[in-house]
Amino acid sequence: MFNAPRPAQRYVGNTSNGFGASFVDQNPLSSSVYDDGLDPWSAAPSPTPTPMPQAPASVFSAVIADATVPTIYHRAYAAVDPNGTGETSVNALSRVLTTSSLPASTIDRIVNLVSSRPRVSKLEFFVALALVALAQSGKDVSIEQVAALSSQNTLPEPALDLDRLQPSVSTITSSSPTSRRNISQPTPRPPLPAYSSDDPWNSNPRFAGAPTNPGFGGIVDGMPNGTTSNLAGTGLPNEWWKKQESIKVSILGQQGFILNRYTVYEVISDRRPHSVTRRYSEFVFLWDVLVRRYPFRLFPALPPKRVGPDEQFIEQRRRGLARALNFVVNHPVIKDDGVLAVFLSEPSFETWRKQSAISLEEESASRRVDRVEEMSIPSDLEDKLATIRGKIPSLIEQWQRICILAERIIKRREAAAVRTTPALRRAFLPTHLTLPELSPSSTTTSLTGSQPSMTGSLTQSFLGFNVTSPANGEPQGDLARLTNTLRAVVEVGEPCWRGDDCELSNGVRSGLEQLAAHSQRHSELSELRSQSLQDTTLESIKAQRDLYLATRDLFVRHDRLSIDQVERLKKRIETTSVKLDGIRAAAKEGWQEEVERLTAMVEKDQATIAAQLSRRVFIRACMWHELRVILHNRENTLLTQAVKNFAREEHDYAENVANNWESLSEAVENMPFE
């Protein structure tokens, strides 16, 4: 396929859809959020996240002032702080706000407005309830509005259903093994409705489904043209998510000198016999080919290039390249592209590229949509496109926030598992050096994106900054320090000062050895948990974000490239036809040659119109396929897969931790008292 060479096409066009520029006719590296907000053209080192500023309590004292607080404020607060400590958790605040029936995004905004800490004060809690009341009445949700109402002593009353407030399951009331295993029993709830893959776009249910078409995901035979469609099935094979090809990208190292220095990547597929080595520029070439051949297909952009990248940036780019490749090799259409196959199999892609004539012809030039496929396109496709288009900006924003928050949580958990001795050395090493793994359990051979953050966190601990790990509730590295200290105690205390075989001392030392061993085991479990979350959960979250970014770019390309000249050509044919009639009527000398010339022009324009009308249908079929088959399945099925994997991994971690400490209890059962 795509054998005929074709000059490079430069796409032009403007868009007013509010999505901004795409990389269709620009440098694909000029804009991207795959680097998590880093400036791709900056030579500064990748920054570590800084804590959000905390709002002092005096601010909220001024907001509430001396206003009379409605009774429901006190009732709601008493429900989450029965002991009157003056503080409650953000989780408890969120549970109270959920009873207001406000949208989750509004609740999230209110929580972020009142506090950036894990805990909220009573005054912050009251301000949040006032914001809820404003949101319920459709007024401006702002601290200033609450202050204005407070100054008038008219704090609004929110509508809260406190009777359905769920009790927290995060508080451990007993330390016994039995109660520990029972504290997190879920509240009974009705079963979820069975998932149906039929008609995921909620189309007209009058028409029965039909077999799947591999090109566009599904057809309905005999459907009247222009009706809404009901396509049964997902358009993909059964349990397709279990059959995906898996691509791994690893960093082999740096090559070249000074200005010509570049990173070499190894690309490994679980379905291809040999790995290949590729440069970033070769990824860029492949993507340039794909975006020109398949402008109306859904696939993500590449992570960006950066001047003077540090290790963290290179690691983030490696992960982004892996996500992008995994997307295209599992796309039902793009996966069969010839250049993609060569990229994944040819030892020297650069040599092959120089020796081969590569066509950049658009997919619509060689593929046609038959009548049955055309009838399967719903008449309300534009409405569906508009619905998705309206959701995309908000989805991108929310998933970007989820990525940032998840990464922060993982980094904090990671920091709690750092071993003291290697960390002391790394904290004072230059950040540009390639460091060894943090533990034998690590599977990477080069500096991961998490290590600079660990080093920076440890450096902060030595300089006296905040070193706590909120996610674990433990100071970072304390378990590792405890392990080393306990072992030192055992070594110093042996032999017993009495000089004889002291059973009491020996038994206590044995117990301390067990405590040290189990503390180290817990530290290792925490480290393995962080690595697993980094490699699976976080990458799944970023893949979800990438999917919506890819959808945004698809709409941008559609707006730019779907423009045709059909209407202009029709007007030109009408003008030429009138001219032909005048020439024939005048019948001047040589009029036959002029008629033949104009007739040929009309026939050429008619052929062009037919081709462009066919392309219109092809574009509609592409957009319908990409939204119904690719977007709908990936945004739902893969998210289900990610959530289940996360739940299983967290369950395994909790079970291993419980078993570890239960094993310690058994091991120290016979520690002597005398």
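Begin with the salt bridges, where a salt bridge is a side-chain nitrogen of Lys or Arg within 4 Å of a carboxyl oxygen of Asp or Glu; by this rule the count comes to 26 salt bridges. Side chains of opposite charge can pair when their charged atoms come close. This is a predicted model, in which local features need pLDDT of at least 70 and side-chain atom pairs count only at pLDDT 80 or more, while totals for chains, interfaces and linings use all residues. Residues are numbered from 1 along each chain as its sequence is written, and side-chain values use heavy atoms, with hydrogens and water left out.

**Stop 1: a pair within helix H9**

Select Glu315 and Arg318, whose side chains meet in a salt bridge with a distance of 2.7 Å from N to O. Both residues lie in helix H9 (residues 311–329), 3 residues apart, which is about one turn of the helix; helices here are DSSP runs of H or I with at least four residues, strands are runs of E with at least two, and both are numbered from the N terminus. Are Glu315 and Arg318 buried or exposed? Glu315 and Arg318 are both buried, where buried means under 20% relative accessible area, exposed means over 50%, and partly exposed lies in between, using a 1.4 Å probe and protein chains only. Arg318 counts as buried because its relative accessibility is 15%.

Now show what surrounds Arg318. Leaving aside its neighbours within four places in sequence, Arg318 is in contact with Val249, Ser250, Ile251 and Tyr265, contact meaning heavy atoms within 4.5 Å. Then widen the selection to Glu315, Arg318, Arg319, Arg323, Asp535, Glu539, Arg545 and Asp546, which are linked in a network of salt bridges.

**Stop 2**

Next, select Glu382 and Arg620, whose side chains form a salt bridge at 2.4 Å, N to O. This pair links distant parts of the chain, with Glu382 in helix H13 (residues 381–416) and Arg620 in helix H19, 238 residues apart. Glu382 counts as partly exposed because its relative accessibility is 43%, and Arg620, with a relative accessible area of 26%, is partly exposed too.

**Stop 3: helices H18 and H19**

Select helix H18 (residues 566–586) together with helix H19 (residues 591–667), whose axes come within 10 Å and cross at roughly 160 degrees. That makes H18 roughly antiparallel to H19; angles over 145 degrees count as roughly antiparallel, under 35 as roughly parallel, 65 to 115 as roughly perpendicular, and the rest as oblique. The axes are lines fitted to C-alpha atoms, for helices over the stretch in contact, and the angles run from 0 to 180 degrees between N-to-C directions. By class, the contact of H18 with H19 has 11 nonpolar, 5 polar and 8 charged residues, where Ala, Val, Leu, Ile, Met, Phe, Trp, Tyr, Cys and Pro count as nonpolar, Asp, Glu, Lys and Arg as charged, and the others, Gly among them, as polar.

Asp581 and Arg584 are separated by about one helical turn, because they are 3 residues apart in helix H18. Arg584 is partly exposed, with a relative accessible area of 41%.

**Stop 4: helix H5 and two partners**

Select helix H4 (residues 104–114) and helix H5 (residues 122–136), whose axes come within 9 Å and cross at roughly 145 degrees. The residues that make this contact include Ile110 and Leu113 of H4, with Val127 and Leu131 of H5. By class, the contact of H4 with H5 has 8 nonpolar, 1 polar and 1 charged residues.

**Stop 5: a loop, and then the whole chain**

Select Val333, found in the loop between H9 and helix H10 (338–345). Val333 counts as buried because its relative accessibility is 10%. Val333 and Arg297 are 36 residues apart in sequence and 8.5 Å apart in space, C-alpha to C-alpha.

Finally, show the entire protein, whose secondary structure comes to 19 helices and 7 strands. Of its 674 residues, 45% count as buried.
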